[in-house]
Amino acid sequence: MESIQTEREDKFDVDADFQLPVLASLVPADGALVSSETHLTSEYFDTVGHDLLRRGITVRRRTGDSDNGWHAKVPAEKARTEIRLPLGSGATSAVPDELTEVLRGAVMGDELSAVATLTTRRTVHTVSDPDGAVIAEIADDEVSATLIGGATGPQWREVEVELGPAGSESFLKKAGKVLIAAGARPSAHPSKLDRALSVVREVPADTGVRLLTDYLDEQVQAIVAGDVYLRRGLDPIHSTRVAIRRYRSTLRVFSSVFEDEPSAHLETELSWYASILGKVRDRQVQRARFAAALRELPPEWVLGPVASRIENDLLAEQIRYRESVMAELDGDRYRALLTMLSLWSRGLPIDGEVGDRSLVKLARKAGKKAIDRTRSAVGGTDDEALHRARKAAKRARYAAELVAPAVDKKVSKAHIKRFKTIQEVLGEHQDAVIAAEILRTLGARAGATAGENGFTFGVLFERERRAAESARDEASQLEF
């Protein structure tokens with residue numbers, strides 16, 4: 001039977017002779033620290049092209065402790081979701097159908113086969129609170145890898161800090177400081193499999209290409225993770241759309257470094273997928289926005305079944321558009337999009353040489369464009385001009401994120417914060433403009449329906465109109 005859990009951990013690289021520090025400072029008063037040792041065997045599965053690993057996904061069959069079973073780990077924001085199945089759900093050489101089904105979009109029809117076997121001697125130090133609830137497990141691992149075909153892979157030692165049900169982000173930070181003070185280093189690899197296969201994985205030599213590849217791969221990881229979550233009935237719409245926006249912005253801002261035809265085609269297809277996701281997301285946002293606005297109105301101002309009208313109409317549309325999204329997941333156009341993204345991950349269609357300095361220059365150009373557009377837009381009355389300025393600010397922010405490794409850290413943070421502020425202020429203006437139009441439509445519908453009244457919709461409409469004006473005023477006060 002399948003089970004799901006969210007996993008939050010930090011990994012650290014350590015030398016073979018690393019001395020684990022005393023962990024008593026991490027144990028709360030009246031808490032407990034218990035240590036144990038186990039030997040694990042983890043057989044990892046992927047496509048021949050390591051498509052899952054490129055997407056930050058791992059599939060393994062583990063034996064050796066209470067965590068025995070099939071595990072699929074899928075990235076999520078600041079954490080990972082782990083899908084678990086018992087060992088009986090699949091033989092050693094065959095990934096269970098339940099996992100292959102939810103990973104269908106991630107592997108694009110390719111077969112999953114064993115790519116590496118990792119054996120681990122693990123010493124676990126479990127930190128618990130006074131009630132016995134697990135705060136975290138600190139695992140000291142000695143790992144040996146055997147690659148497909150029996151080739152000997154690397155050996156290494158690492159330390160993981162994984163939060164338990166009673167854990168918190170503050171504990172992770174504190175544990176990290178203790179380990180780093182003892183000589184540990186934040187891991188350069190997101191997973192053990194990534195480290196095991198790093199000896200056979202090519203890394204772009206050009207620093208500019210590496211910046212582009214790393215940033216775009218990060219977005220594809222979120223897009224493919226969204227595919228997995230959608231197939232499991234979850235709601236990754238927002239995170240998927242943000243990743244698509246970042247990818248499209250990269251294609252736009254750094255267009256001069258890519259080959260024209262494949263770049264334009266990919267941008268068109270990403271735009272198409274974003275649009276069908278957007279129809280779902282827009283209804284989610286407006287439902288929450290209108291519900292919050294209604295709660296703030298005096299009860300005597302709410303005439304008729306306003307909440308029901310809003311919820312029923314928008315929820316019906318949201319469900320219908322969600323069904324459209326699910327239908328597209330197995331469509332030819334969507335599969336072709338995932339294929340393109342996979343091809344780009346294996347090798348970007350670069351037009352000439354790319355250096356990090358040239359990327360920084362293009363990012364600065366995007367920033368100047370965003371500032372110029374915002375200055376011009378806030379001085380007028382054109383809502384569409386503000387919307388274009390907001391999109392320019394997004395592109396400038398994402399470009400600043402991409403080149404951050406090649407820029408002074410303080411300067412990079414300042415640029416990202418600056419454009420994020422513009423984006424958020426102008427985003428509130430755009431949300432209010434859209435909300436007002438939806439309310440006008442709903443109000444007209446209610447006013448023509450027996451037993452309903454358009455008054456409250458008019459009140460909410462005026463509220464949104466003023467919110468748009470306030471956002472415009474706030475934008476005009478921004479420092480450029």
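Student: Which residues form one aromatic cluster?

Tutor: The model is predicted: local features need pLDDT of at least 70, side-chain atom pairs count only at pLDDT 80 or more, and totals for chains, interfaces and linings use all residues. Residues are numbered from 1 along each chain as its sequence is written, and side-chain values use heavy atoms, with hydrogens and water left out. Rings of Phe, Tyr and Trp (its six-membered ring) pair if their centres lie within 6.5 Å; planes under 30 degrees apart count as stacked, over 60 as edge-to-face and the rest as tilted. One aromatic cluster is formed by Y247, F258 and W344.

Student: How many aromatic pairs does a search of the whole structure find, and what is the angle between the planes of F45 and W70?

Tutor: The search of the whole structure finds five aromatic pairs. F45 and W70 form a tilted pair, 5.2 Å centre to centre, with an angle between the planes of 45 degrees.

Student: Why does the pair of F45 and W70 tie together parts that are apart in sequence?

Tutor: Helices (H or I, at least four residues) and strands (E, at least two) are DSSP runs, numbered from the N terminus. Both F45 and W70 are buried, where buried means under 20% relative accessible area, exposed over 50% and partly exposed in between (1.4 Å probe, protein chains only). F45 belongs to strand 3 (residues 32-46) and W70 to strand 5 (residues 69-76), so the parts that the pair ties together are apart in sequence by 25 residues.

Student: Which residues have the most contacts inside the largest nonpolar core?

Tutor: A nonpolar core is a set of buried Ala, Val, Leu, Ile, Met, Phe, Trp, Tyr and Cys residues joined through side-chain atoms within 4.5 Å. The largest such core has 65 residues, and helix 6 gives the most to this core, with 12 residues. Apart from it lies another core, of 18 residues, among them V127, F171, L172 and A184. In the largest core, the residues with the most contacts are L212, F254, F258 and Y273.

Student: Which residues is Y273 in contact with, leaving aside its neighbours within four places in sequence?

Tutor: Contact means heavy atoms within 4.5 Å. With neighbours within four places in sequence left aside, the contacts of Y273 are L230, T240, I244, L329, Y334 and L337.

Student: Which helices do the buried residues of helix 10 pack against?

Tutor: Helix 10 (residues 332-346) has 15 residues and reaches 21 Å from its first C-alpha to its last, close to the 21 Å expected at 1.5 Å a residue; the expected span is 1.5 Å times one less than the number of residues. Its buried residues are Y334, L337, L338, M340, L341, S342, W344 and S345. They pack against helix 1 (51-54), helix 3 (104-107), helix 6 (207-231), helix 7 (237-253), helix 8 (260-296) and helix 9 (306-328).

Student: Is E7 buried or exposed, and which side chains make polar contacts with the side chain of E7?

Tutor: E7 lies in strand 1 (residues 3-7) and counts as buried because its relative accessibility is 4%. A polar contact is a pair of N or O atoms within 3.5 Å; within protein, one must be able to donate a hydrogen and the other to accept it, and residues adjacent in sequence count only if both atoms are side-chain atoms. The side chain of E7 makes such contacts with the side chains of K73, at 3.0 Å, and R80, at 2.5 Å.

Student: Which side chain does a polar contact of 3.4 Å join to that of R246?

Tutor: R246 has its place in helix 7, and its relative accessibility of 17% means that R246 counts as buried. Not counting residues up to four places away in sequence, R246 touches Y215, Q219, R397, Y398 and E401. The side chain joined to R246 by the polar contact of 3.4 Å is that of Y215.

Student: How far apart in space are G443 and N453, C-alpha to C-alpha?

Tutor: G443 has its place in helix 13 (residues 409-447) and, at 12% relative accessibility, counts as buried. G443 and N453 are 10 residues apart in sequence, and their C-alpha atoms are apart in space by 7.8 Å.
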